[in-house]
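Here are my notes on the model you sent.

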Amino acid sequence: MPDKITIIAYGSLKNETGSALSGEQAQLIGHRQPLCQFLETIGIPSSHIQLAMVNHRAAGLDTVVGAGDRVALFPKEYPIFVDWHTFRHSSV
């Protein structure tokens, strides 16, 4: 039975998720899957992501997500304030 995952989108990603002003919404997820696959399912290109955090920790696109997880997505226009270079999803 599908359950929900919480997505918190910032900046321009709010528009891509169709979420309210808060940028937070619940999405159904049927099974655990890599973050990149989940993003594809909800229509957000991974190339638009500067940093992803799963349950308050920086996460790569291969991180497996599932029901009950919180996923925060930061767009390319957001500066990264700490050294998350291994989690950046660009050729910066």
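1. How much accessible surface does the chain have, and what share of that surface belongs to carbon and sulfur atoms? The accessible surface comes to about 5,400 Å². Carbon and sulfur atoms hold 54% of that surface. Please keep in mind that this is a predicted model.

2. Overall make-up. The chain has 92 residues, and 39% of them are buried. It contains 2 helices and 7 strands. Along the sequence the elements follow β-α-β-β-α-β-β-β-β. Take the contacts with a separation of 6 or more: 63% of them come from residues 24 or more positions apart.

3. The sheet. Five strands make an open sheet, with the order β2-β1-β7-β4-β5 and mixed pairing. Its edge strands are β2 (24-29) and β5 (57-59), and each of these pairs on one side only. From one strand to the next, the twist averages 35°.

4. The β1 and β2 pairing. These strands run antiparallel and are joined by 6 bridges. For a specific place to look, take I7: its bridge partner in β2 is Q25.

5. The helix on the sheet. α2 packs on the sheet and touches β1, β2, β4 and β7. The direction of α2 makes about 105° with that of β2.

6. The largest nonpolar core. This core has 18 residues. Which of them touch the most other members? They are L39, V65, V71 and L73. The elements giving two or more residues are β1 (3-9), α2 (35-42), β4 (49-54) and β7 (70-75). α2 gives the most, with 4 residues. As background, nonpolar side chains in soluble globular proteins tend to be buried together.

7. V71 and its surroundings. Set aside the neighbours within four places in sequence. V71 is then in contact with I5, T6, I7, I8, L35, M53, V54 and V65.

8. F74. This residue sits in strand β7. Is F74 buried or exposed? F74 counts as buried because its relative accessibility is 17%, and the cut-off for buried is under 20%. Beyond the neighbours within four places in sequence, F74 is in contact with Y10, L13, H48, I49, Q50, L51 and M53.

9. The aromatic pair. The count of aromatic pairs comes to 1. Y10 and F74 form this pair, and the rings are stacked. The centres are 4.6 Å apart, with 5° between the planes. The C-alpha atoms of Y10 and F74 are 5.4 Å apart in space.

10. What the pair connects. Y10 is partly exposed, with a relative accessible area of 30%, while F74 is buried at 17%.

Technical notes
Residues are numbered from 1 along each chain as its sequence is written. This is a predicted model: local features need pLDDT of at least 70, side-chain atom pairs count only at pLDDT 80 or more; totals for chains, interfaces and linings use all residues. Side-chain values use heavy atoms; hydrogens and water are left out. A nonpolar core is a set of buried Ala, Val, Leu, Ile, Met, Phe, Trp, Tyr and Cys residues joined through side-chain atoms within 4.5 Å. Buried means under 20% relative accessible area, exposed over 50%, partly exposed in between (1.4 Å probe, protein chains only). Contact means heavy atoms within 4.5 Å. Accessible areas come from the Shrake-Rupley method with a 1.4 Å probe; for residues, only the protein chains shown count as cover. Two strands pair if DSSP finds at least two bridges between them. Axes are lines fitted to C-alpha atoms, for helices over the stretch in contact, and angles run from 0 to 180 degrees between N-to-C directions. Rings of Phe, Tyr and Trp (its six-membered ring) pair if their centres lie within 6.5 Å; planes under 30 degrees apart count as stacked, over 60 as edge-to-face and the rest as tilted.
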